[in-house]
Amino acid sequence: MVFEYALVRVVPRLERGEQVNAGVIVYCKSAGFLEARCGLDADRLRAIDPGVDVEGVHRALEAVRRVCRGGAEAGPARTEAQGARFRWLTAPRSTIVQPGPIHSGLTSDPAAELDRLAGALVG
């Protein structure tokens, strides 16, 4: 099955461009799969910007997970299809928490792919 993924990055000082990978979003239309795995290394983030709002970043990462899950917790995105939610989450933005570029691949198990990507790229 074809799947797509994007990293979720924390860029505390946009003008400097330094970033910490804090999550990955995996979408597989044919499997009906959309999920995010997030994990913030707060010490690493503070090394880049000692004044960063770590709790605010945690809230933003939780919002990513909620939008992936859909339902009432997803806010205005709750009625959107998985594909539309993935595209919304991966749209370019100039905020502290932002998506990286979309990549694609093939998998027989999107959940296992999410675990593999999170282990290799997040933290």
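How much space lies in the largest pocket? About 230 Å³. This is a predicted model, in which local features need pLDDT of at least 70, side-chain atom pairs count only at pLDDT 80 or more, and totals for chains, interfaces and linings use all residues. Residues are numbered from 1 along each chain as its sequence is written, and side-chain values use heavy atoms, with hydrogens and water left out.

**View 1. The largest pocket and its lining.**
Here you look at the pocket of about 230 Å³. Its lining has 13 residues, and Ala60, Val64, Leu89, Arg93 and Val97 are the closest to the centre. (On a 1 Å grid over the protein atoms alone, a pocket is an open set of points where a 1.4 Å probe fits, with protein on both sides within 12 Å along at least five of seven lines; lining residues have an atom within 4 Å of a point. Grid points are joined across faces, edges and corners, and the volume is the space filled by probe spheres set on them.) At least two lining residues come from each of α2 (54-69), α3 (82-89) and β4 (97-106), and α2 gives the most, with 4. Helices (H or I, at least four residues) and strands (E, at least two) are DSSP runs, numbered from the N terminus. By type, the lining has 10 nonpolar residues, 2 polar and 1 charged. (Ala, Val, Leu, Ile, Met, Phe, Trp, Tyr, Cys and Pro count as nonpolar, Asp, Glu, Lys and Arg as charged, and the others, Gly among them, as polar.)

Zoom in on Leu45: leaving aside neighbours within four places in sequence, Leu45 is in contact (heavy atoms within 4.5 Å) with Val10, Pro12, Val20, Leu40, Val52 and Val57.

**View 2. Strand β2 and its partners.**
Most of β2 is covered, with 8 of its 9 residues buried. β2 runs antiparallel to β1, joined by 7 bridges, and Val8 stands opposite Gly23 in β2. (Two strands pair if DSSP finds at least two bridges between them.) On to β3: 6 bridges join β2 to β3, again antiparallel, and Ile25 stands opposite Ala36 in β3. β2 and β3 form a hairpin with 4 residues between them, and Gly32 in the turn has a positive phi of about 65 degrees.

**View 3. Glu113 in helix α4.**
Glu113 sits in α4 (residues 110-121). Is Glu113 buried or exposed? Glu113 is buried, because its relative accessible area is 11%. Beyond four places in sequence, Glu113 is in contact with Phe3, Leu106 and Thr107.

**View 4. Trp88 in helix α3.**
Trp88 has its place in α3. Not counting residues up to four places away in sequence, Trp88 touches Val67 and Arg93. Trp88 and Ala77 are 11 residues apart in sequence and 8.8 Å apart in space, C-alpha to C-alpha.

Conventions
Buried means under 20% relative accessible area, exposed over 50%, partly exposed in between (1.4 Å probe, protein chains only).
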